[in-house]
Amino acid sequence: MPASYFDVDGTLVRTNLVHPTLYYILNQRTPFKSLLKLAKTALRAPELALAEIQDRRIFNEQLFQAYEGMSHDRLMLLADDAFDSVLKKAIYPAARELVARCKSEGHEVVIVSGALDFLMHRLADYLGADCVIANRLEIKDGFATGRLLRPVVAGPEKARLIREHASKNGHDLNECYAYSDSYSDVPMLSVVGHPAAVNPDGKLERLARTYGWPVLTLKKVS
Amino acid sequence: MSHPQVVTIDRKSAPRIAFSGDQLVEVDLPIGTRVVYPKPPLAGLKDVDAAIRYALNHPDGSPPLYAKLRPGMKVVIAIDDISMPLPPMKRPDVRERVLTIVLELLADHGVEDIEMIIATAFHRRMTADEIKRMVGDRIFDRYYPKRLYNHDAEDPKGLKEIGVTDQGEVVEINKKAAESDLLIYVNLNFVPMNGGNKSVAVGLSGYRSLQAHHNPYVLRKCWSYMDPAKSELATAFARQGKIVHEKLDVFTIETTVNNRMFDKPLEFLAKNEDDWSPAERAAAKALIFTLKKTPQAARQAIFERVPAPYEVTGVFAGATEAVHPKTIERGFEQYLTPVRGQCDILVTGIPFISPYNVNAFLNPLLVQVMAQGYIFNLYRGMPVVRKGGTMIIFHPCTDKFDQVQHASYIEFVHNLLPETRDAVELHKRYEKKFAANPAHIQAYRTGNAYHPAHPFYMWYWGEPGRQHLGRVIVVGADNEYIPKLLGYETARTFAEALEMARQTGPANPEITMLHTAPMLMADVTEG
């Protein structure tokens, strides 16, 4: 049985990692705390921008520092709301269609995302995906430390995690599919037999055209 | 005495001009070669709108269209897609003219629940601009996209099974059409293979129905595609069509066009080169030179932007079974040139366009379709070339594909053809899995890509030619790899190709050139 590996941000949903993070920042226990966290994050904006250019992994690690000090209970409590008000509304119209098609072909559908696992599990349930590979916050004494547990899901690491998942679950990678919108996911696309660029950025689109990968848009319904 | 459209090359004959993709080449044919030319274009109808109205009011085998209409009924109008005619015709497209009159009639009779579906089957979705060009601005602005849209053969909720043929073939068509009170089909019949039962049963169908006939077994029994009486494909369409007509009220409107493919300045391309005026000869030289010096993208743009001045030669309406023979007859009247006896070597150019690459590059798989599928099949009676004979074609066979329309073709050509060229093996081992690729299906449903089963159909399409021909030799290929994948040999020049063909043919081979485009058919009888 093949598996279909889906990146999320920009591929299945139009939002990125910043949107749910912002939701959490703005929903601290008190408005003052929210303001303080927002100010702190805003001050780090140039640093984040630089990290995004340099390395997606560093960006993820720096962005998720915004969760530092939040209780695990609160993270979970807000997760449903964050999913409903940020992610669910941003799902591309044809994303469910594509996931359903993969399921009907008997594929194991796996979400592979740099976003946080508790949000991705909700997305997986909503779309009908079978498995989630996503980033996990480190929790100590019931509070987030602002660090990510290893391995950090980003860039080439996604490719390694896919290989590992496929080998554990008996999938032949040549038979597997992968979908992403970003040039930073070329390693992940390259390890499977059937890669596809979805709503791709310019660099990925050029590469996909060169290698004859299908280029899809999920921005409109059929 | 031979037909005026069949010319025998002698010592004084000028070189012939053949298409080699989007270029033209001069070909020095040996003395004694027969060249079969298209017939001159039939005269177009003087008043097309009047002919459409007459056909709707005096249909064959059916009450007039107005008599079928009642207020509040659900009407679906299915329309042929952009794959015909080639190249697209000058505006107004005849489909626009028919639709304008039909929609007026529906409005006059209080019919408001109207949907128009472009019967694409597994062809790519037409773009908004292409639809607008085909149906005209007024209809487009009023109906697109909610009530004028492309058929989706992969919409799980959009298809409905309406029956099974006596041979167990499922007939599944567009649900809206299946549930309509009246289905009107607006057809443009470009070749005799089009129209008739193919319209609804194929154009509006899904994979389950297409599998019944779009397979190597059926296609191997077609002698030829263009002669419905001897085509297993047409027989399979008829079985499904029978179910369609039992279950639905279908009113068919078929139209034919002449073969005026080239506008005035290029009209000479359809004529015998010996009859060209000095000005035409100079124009041909200039055209060959210009095309040679123009980059490929610009050549393609030139050809894509020049619509054909086709004229409407017939409008027939009524019950499909009653209408279609008349359409076929008009098509034969335009295309058939009598040819006595088969040949050993068939020579032909491969033009830049096929039904499957409108506004796109003619990729290697489509070169194969044009050679062994379409041009080989341009006959009635018996193939122009003898069994085991050689076909010499002119084409660069460039390894280039339109990335949007033909993404699945790239995978087919580069991943599957190196494994096998055997159509049955491709069908059995690969088709089902390949055609279920979710990414390619999504690209078909929301993009403008051909369905991933389509490259298989294109390969099967070449089966009659592959089964019949001994060799195919390409002249002018810019690489060795693609011809080899397609099972072709290559020659640098026509003389070399001829020499190669002679090695496996009789001592004095009979050579025939089909001088296409424009469209023609050889009506081959025993020599």
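B:Glu425 lies in helix α16 (residues 423-434) of chain B. This is a predicted model. B:Glu425 is partly exposed, since 13 other C-beta atoms lie within 10 Å. Its C-alpha atom is separated by 32 Å from that of B:Arg502, a residue 77 places away along the chain.

Now turn to helix α21 (residues 494-503) of chain B. Which of its residues are buried? They are B:Phe494, B:Ala497, B:Leu498 and B:Ala501. Seen down the axis of α21(B), these residues fall within an arc of 100 degrees, so they line one face of the helix. An α-helix has 3.6 residues a turn, so residues three or four places apart point the same way. The face of α21(B) turned away from the buried side carries the exposed residues B:Glu499 and B:Gln503.

What joins it to strand β2 (residues 16-21) of chain B? Five bridges do, and the two strands run antiparallel. In one of these pairings, B:Ile17 has B:Glu26 in β3(B) as its bridge partner. β2(B) and β3(B) form a hairpin, with one residue between them.

Another sheet in chain B is open and has three strands, in the order β13-β20-β15, with parallel pairing. β13 (336-340) and β15 (379-380) of chain B stand at the edges, each with a single partner strand, so one side of each has no neighbour in the sheet. β15(B) is joined to strand β20 (residues 521-525) of chain B by two bridges, and this pair runs parallel. B:Arg380 has B:Asp523 as its bridge partner in β20(B).

Step back to the whole of chain B. It is divided into domain 1 (6-41 + 263-305 + 336-525) and domain 2 (62-257). Their C-alpha centres lie 28 Å apart. The contact between them takes 29 residues from domain 1 of chain B and 26 residues from domain 2 of chain B. On the domain 1 side, β15, α16, α17, α18 (454-461) and α19 (463-468) of chain B each supply at least two residues. α18(B) gives the most to that side, with four residues. The residues on the domain 1 side divide into 19 nonpolar, seven polar and three charged.

Chain B also meets chain A. The contact takes 17 residues from each of chain B and chain A. On the chain B side, α15 (407-416) and α17 (438-446) each supply at least two residues. The largest share of that side, eight residues, comes from α17(B). Its residues divide into seven nonpolar, six polar and four charged.

Last comes the interior. In soluble globular proteins, nonpolar side chains tend to be buried together. The largest nonpolar core here has 227 residues. Those with the most contacts inside it are A:Tyr5, A:Ile111, A:Met120, B:Ile77, B:Ala78 and B:Ile184. Helix α14 (residues 364-375) of chain B gives the largest share of this core, eight residues. Domain 1 and domain 2 of chain B both give residues to the core, so it lies between them. In chain A, the residues that A:Ile111 touches include A:Phe6, A:Val8, A:Met120 and A:Leu123, not counting residues up to four places away in sequence.

Key
Residues numbered from 1 in each chain as written. Chains lettered and ligands numbered in written order. Predicted model: local features only at pLDDT ≥ 70, side-chain atom pairs only at ≥ 80, totals over all residues. Core = buried A, V, L, I, M, F, W, Y, C linked by C-beta atoms within 7 Å. Buried ≥ 20, exposed ≤ 12 C-beta atoms within 10 Å, placed from the backbone. Domains from an automatic or database assignment. Contact = placed C-beta atoms within 7 Å. Pairing = 2+ DSSP bridges. Nonpolar A, V, L, I, M, F, W, Y, C, P; charged D, E, K, R; others polar. Arc of directions from axis to C-beta.
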